[in-house]
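Take a moment to look at the sequence and the fold before reading on.

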Amino acid sequence: MRDTLLIALFAFLGAAAAGLLGAGALWLLRRRSLTASLTVVAAVAVAAMLAGTLAVAWAMFLSPHDLSVVTTVVAMAAVVSLATALVLGRWVVARSRELALAARSFGDGGAFAAPDGPATAELEALSRELAATSDRLAESRDRERALESSRRELVAWISHDLRTPLAGLRAMAEALEDGVAAAPDRYLKQIRTEVERLNDMVGDLFELSRIHAGALALSPSRISLYDLVGDALAGADPLARELGVRLVGARVEPVPVEVDSKEMSRVLGNLLVNAIRRTPADGTVAVGAERRPEGVVVSVTDGCGGIPEDDLPRVFDTGWRGSHARTPPAGAGLGLAIVRGIVEAHQGRAAVHNIPGGCRFEVTLPAAEA
């Protein structure tokens, strides 16, 4: 038993010395290729075995012949180990380079395609993560292009909508200044109307900028949808009477919700104004509110004749106003974009569907806790 312990002790001391030298070599080569590190690891394994064997042989006073036999066997093992480490290292490095080239493709705006051929489990996992990252980057680029297109469209609409009232205001101001206005009171009334229109546009732009900047501060409180819808119908009734459109509050359940009443009133007001302006005279705009499994749903149904299927995904985009035949006489295409922003800030969602003779806008909100 004592001899066994001494053999183990001398073998451990020799192997430990080789291990310490190998650790130092790995630290010095930590920024080099993986092939060099694998070669050092293989060399350390063989050197540790050789050092332990030599230490034991020295302690046991083996004959020169026996010591040469042991050394020869260890040397052959070292050759095989180093050759295996070099082959493995070069293969892993080659796969890593192929993966780096493939990753560079989606970094330049392309799509990631994993290299063909076998790879280690770690490289396969890295390939899957890079593929998922490539898909997310592609989606992000698509959203960025869509947002940029919406911004350009918004600038075009705003420029057009601002130019028209400003030109009218200048003409009326010049007429009043020159004293050639036949009916000054009518001119003054029209100037006030145009100024209010411009003020509404600026207010919409400010609200949209707060939404996009994430600076929309909500003050939620518990309120019944019945009261919220009733106030919105009362506010939209004068416009409906002016345009000859009937407002109907059908199936409005007194469901409680936790919302910012001011912002949600703006949502319903924008939806109602949008529906009234697009519904022909003698048409009907219906408002409903009910509890569903997915939450509380508020719907506004109009008689606009429907929205082209290709335009449905863009209805809530900034600056979108549809075809010229359906474009209202006022507004800059911001109302529905504001609706979506406010609803999403309440952890809800806004959607639109075509129905026979018109379309239905639906706002889904989380139900208030009982």
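Predicted model: local features only at pLDDT ≥ 70, side-chain atom pairs only at ≥ 80, totals over all residues.

Residues are numbered from 1 along each chain as its sequence is written, and side-chain values use heavy atoms, with hydrogens and water left out.

## The chain as a whole

Let's begin with the overall picture. The chain holds eight helices and seven strands; these are DSSP runs numbered from the N terminus, helices being H or I with at least four residues and strands being E with at least two. Of the 370 residues in the chain, 34% are buried. Here buried means under 20% relative accessible area, exposed means over 50%, and partly exposed lies in between (1.4 Å probe, protein chains only).

The chain exposes about 21,800 Å², and carbon and sulfur atoms supply 61% of that area. Accessible areas come from the Shrake-Rupley method with a 1.4 Å probe, and for residues only the protein chains shown count as cover. Among contacts with a separation of 6 or more, 70% are between residues 24 or more positions apart, a contact being heavy atoms within 4.5 Å.

## Cores and helix 8

In soluble globular proteins, nonpolar side chains tend to be buried together. In this model, the largest nonpolar core has 47 residues, and those with the most contacts inside it are L225, V267, L271, L272, F316, V352 and F361. A nonpolar core is a set of buried Ala, Val, Leu, Ile, Met, Phe, Trp, Tyr and Cys residues joined through side-chain atoms within 4.5 Å. Leaving aside neighbours within four places in sequence, V267 is in contact with V339, I342, V343 and V363. There is also a second, separate core of nine residues, including I158, L169, Y187 and I191.

## One aromatic pair

The model has one aromatic pair. Rings of Phe, Tyr and Trp (its six-membered ring) pair if their centres lie within 6.5 Å; planes under 30 degrees apart count as stacked, over 60 as edge-to-face and the rest as tilted. F316 and F361 have ring centres 6.0 Å apart and planes at 85 degrees, so the pair is edge-to-face. F316 is buried at 8% relative accessibility, and F361 is buried at 3%.

## Salt bridges

The count comes to six salt bridges, where a side-chain nitrogen of Lys or Arg lies within 4 Å of a carboxyl oxygen of Asp or Glu. Three of them are shown here.

| Pair | N to O distance |
|---|---|
| R192 and E196 | 3.2 Å |
| R222 and E258 | 4.0 Å |
| E290 and R292 | 3.0 Å |

How many residues apart are R192 and E196 in helix 5? They are four residues apart, about one turn of this helix (residues 184–212). R192 is exposed at 60% relative accessibility, whereas E196 is partly exposed at 41%.

R222 and E258 form a salt bridge. R222 lies in strand 1 (residues 221–224) and E258 in strand 3 (residues 256–259), so the pair ties together parts that are 36 residues apart in sequence. R222 is partly exposed at 46%, and E258 is partly exposed at 40%.

E290 and R292 also meet in a salt bridge. Salt bridges that share partners join E290, R292, E294 and E362 into one network. E290 is partly exposed at 26% relative accessibility, and R292 is partly exposed at 28%.

## Two positive phi values

Finally, two loop residues. D282, which is not a glycine, has a positive phi near 70 degrees. D282 sits in the loop between helix 7 (261–278) and strand 4 (284–292) and is exposed at 62% relative accessibility.

Q347 belongs to the loop between helix 8 (335–345) and strand 6 (349–355), and is exposed with a relative accessible area of 65%.
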